[in-house]
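Colleague: Could we go through this model together, with the cut-offs spelled out as we go?

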Amino acid sequence: MDLGIAGRKALVCAASKGLGRGCAEALADAGVDVTIVARTRDQVAEAAREIGAKSGRPVAWVACDITTADGRAEALAACAQPDILVTNAAGPPPGDFRDFDRAAWLRAIDANMLTPIELIKATVDAMIARSFGRIVNITSAAVKAPIDILGLSNGARSGLTGFVAGVARKVARHNVTINNLLPGSFDTDRLRATMTTRAQAAGKPLEDAIRAARDGVPAGRFGTPAEFGAACAFLCSIHAGYIVGQNVLIDGGAYPGTF
């Protein structure tokens with residue numbers, strides 16, 4: 001399918017690996033001029049080189065911390081007025097909510113709620129002026145079905161979800177869409193970190209925890225960044241202009257509800 005976005009500009013955050021990289025790869029394959037952002041210079045530069053080699057088009061990169069005002073300014077200077085924005089940031093650490101102090105909560109809110117909001121605020125008006133914009137926030141399946149050891153993520157990402165629900169309806173008539181992608185268990189470093197915490201809490205070997213989690217997914221496997229990226233690219237396409245303010249759950253069927 002021709003996604004109709006070749007030549008558009010995209011800013012993809014936290015894209016040197018994992019789900020962010022999957023999104024960047026899919027957009028580059030669709031002919032989009034992609035700029036990726038991540039904190040570690042060597043990793044983001046190498047990721048840009050590899051994505052560019054695979055897609056046959058140059059991929060720009062910025063090494064910065066997108067959760068800071070300076071980092072956002074650097075990213076937006078490198079990709080001014082993007083047509084497509086994919087927000088993403090490393091999730092806060094798992095643990096017992098009793099151990100989370102105020103500073104931990106503020107860090108989580110800054111990274112996983114306020115940073116996407118600031119990026120949306122900085123880009124959405126220019127999208128409205130051009131009558132085209134696609135914003136996709138990578139959140140978490142925990143928004144739909146909270147995970148006990150991810151209290152910081154449950155709270156911060158739910159705040160972003162509430163914000164998006166309102167603003168998405170305000171801008172949709174301008175062909176600007178804002179949606180959230182909610183990943184379940186994907187084969188990423190984040191998954192392994194969560195499984196490590198869960199295994200330690202249960203006093204079980206890590207591989208046992210991973211096997212149990214994988215077996216608990218109706219699809220019988222973890223997701224891949226590539227298939228997540230494909231879903232993101234579709235939401236960014238010309239074909240998704242009527243998808244507004246939605247929380248798209250991609251979890252292999254793990255969520256047991258009907259709605």
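Salt bridges, cysteines and packing

Modeller: D33 forms a salt bridge with R57, the closest N and O atoms being 2.5 Å apart, where a salt bridge is a side-chain nitrogen of Lys or Arg within 4 Å of a carboxyl oxygen of Asp or Glu. The pair links distant parts of the chain, with D33 in strand 2 and R57 in the loop between helix 2 and strand 3, 24 residues apart. Please keep in mind that this is a predicted model, in which local features need pLDDT of at least 70 and side-chain atom pairs count only at pLDDT 80 or more, while totals for chains, interfaces and linings use all residues. Residues are numbered from 1 along each chain as its sequence is written, and side-chain values use heavy atoms, with hydrogens and water left out.

Colleague: Which residue forms a salt bridge with D83?

Modeller: D83 lies in the loop between helix 3 and strand 4, and its partner in the segment before strand 1, so the pair ties together parts that are 75 residues apart in sequence; helices (H or I, at least four residues) and strands (E, at least two) are DSSP runs, numbered from the N terminus. At 7% relative accessibility D83 counts as buried, which means under 20% relative accessible area, with exposed over 50% and partly exposed in between (1.4 Å probe, protein chains only). The closest N and O atoms of the salt bridge are 3.6 Å apart, and the partner of D83 is R8.

Colleague: How many disulfides does the structure hold?

Modeller: A disulfide is a pair of cysteine sulfur atoms within 2.5 Å. The sulfur of C23 is 3.5 Å from the closest cysteine sulfur, in C232, which is too far for a bond, and the sulfur of C79 is 9.6 Å from its closest, in C13, again too far. The number of disulfides is therefore zero.
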